[in-house]
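Hello,

Here is the structure I promised to pass on to you. Have a look at it first, and then read on for what turned up.

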Amino acid sequence: MTDNAVASRTRTPLTLLGTGAMGTALARAWLAAGHEVTVWNRTPARAEALAAEGAVVARSAAEAVAANRLVIVCLLDDASVGDALDGAALAGRGLVNLTTGTPGEGRTRAAWAEARGARFLDGGIMAVPPMIGVAGSGGYVLYSGSPELFEEHRDTFAVPAGTRYVGADPGFAALYDVALLSAMSGMFAGITHAFALIRPEDIAPKDFAPLLADWLTAMAPAVHQTADRIQSGDHTRNVVSNLRMQVAGNATLLRTAEEQQVSPELLTPYMELMERRLAQGHGDEDGTGMVELLDRRAD
């Protein structure tokens with residue numbers, strides 16, 4: 001008997017719905033760790049490679065769900081999750097939805113699953129497929145929903161990537177996921193603008209890149225100060241560069257963009273928020289108070 005055969009007897013068998021790039025990476029990680037994996041994909045040909053690696057390919061989503069008590073879903077969107085699970089017998093199953101969605105969709109899907117007798121976890125994958133199953137890659141999955149389901153299968157969830165349980169509210173995994181991705185989008189906007197500024201000059205992007213990476217790394221700890229000020233409500237505590245100074249400095253950023261013939265459109269929305277907050281009389285803050293301008297509940 002092979003080592004994998006022995007291991008498969010001691011590891012939780014599971015079903016995976018969806019064998020796109022991410023689903024395939026997840027399945028391969030569990031197979032490599034000795035789990036019995038049943039897979040299903042709307043396009044059967046996309047599951048053939050996994051069959052060659054030891055996965056059982058189900059003819060339907062309902063058949064795949066019936067095969068195991070732990071069911072993991074990694075599909076295109078929430079609508080495709082509903083379509084795939086329509087008619088499947090979920091009673092007594094643990095349903096883990098790793099499909100990207102919104103907090104509201106996570107909460108609605110949790111209620112939907114629980115009404116059908118399943119325990120539910122929603123998840124947000126903070127990794128790209130090449131990071132899955134690779135030790136030390138830094139990838140992890142956010143989970144929220146049933147704490148009992150998470151604890152029962154914690155070791156299984158930890159096989160493809162690290163785990164972060166963020167609360168019993170099933171919407172929290174998606175909320176954390178989108179909040180982190182939103183911050184990343186803002187960072188990439190700044191990176192794009194920075195490279196656009198140097199592009200007309202005799203400056204090699206590869207020479208500039210280490211300076212940019214080091215600068216962003218040096219600025220990253222500011223998130224902790226931001227959190228402290230937002231939580232305390234005091235946006236003037238230990239301010240080094242206040243909003244008044246920052247708004248004045250924006251003029252130089254805009255003039256430089258004009259000189260370099262670079263559109264400032266990635267910067268101006270944030271600058272406009274700064275100017276609004278300053279006009280409200282908050283020049284002594286550091287800018288963290290702008291979160292209040294974004295909160296539509298205050299309107």
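The buried residues of helix H9 pack against helix H6 (103–115), strand S6 (119–126), strand S7 (140–145), helix H10 (205–219) and helix H12 (243–259). Please keep in mind that this is a predicted model. The residues of H9 that are buried are Ala173, Ala174, Asp177, Ala189, His193, Ala194 and Ile198. H9 itself runs over residues 172–198, and its 27 residues reach 40 Å from first C-alpha to last, close to the expected 39 Å.

H12 also meets helix H13 (residues 268–279): their axes come within 10 Å and cross at roughly 145°, and the crossing is left-handed. On the H12 side, the contact is made by Leu243, Arg244, Gln246, Val247, Asn250, Leu253 and Leu254. H13 brings Thr268, Met271, Met274, Glu275, Arg277 and Leu278. Sorted by class, that contact has seven nonpolar, three polar and three charged residues.

Now for the cores. The largest nonpolar core has 29 residues, and Leu26, Val96, Ile125 and Ile132 have the most contacts inside it. Among the elements giving two or more residues to this core are strand S1 (14–17), strand S2 (37–40), S6 and S7. Helix H2 (21–32) gives the most, with seven residues.

Enjoy exploring!

Best wishes

Note on methods:
Residues are numbered from 1 along each chain as its sequence is written. This is a predicted model: local features need pLDDT of at least 70, side-chain atom pairs count only at pLDDT 80 or more; totals for chains, interfaces and linings use all residues. Side-chain values use heavy atoms; hydrogens and water are left out. Helices (H or I, at least four residues) and strands (E, at least two) are DSSP runs, numbered from the N terminus. The expected span of a helix is 1.5 Å times one less than its number of residues. Buried means under 20% relative accessible area, exposed over 50%, partly exposed in between (1.4 Å probe, protein chains only). Contact means heavy atoms within 4.5 Å. Axes are lines fitted to C-alpha atoms, for helices over the stretch in contact, and angles run from 0 to 180 degrees between N-to-C directions. A crossing is left-handed if the near helix is turned anticlockwise from the far one by less than a right angle, and right-handed if clockwise. Ala, Val, Leu, Ile, Met, Phe, Trp, Tyr, Cys and Pro count as nonpolar, Asp, Glu, Lys and Arg as charged, and the others, Gly among them, as polar. A nonpolar core is a set of buried Ala, Val, Leu, Ile, Met, Phe, Trp, Tyr and Cys residues joined through side-chain atoms within 4.5 Å.
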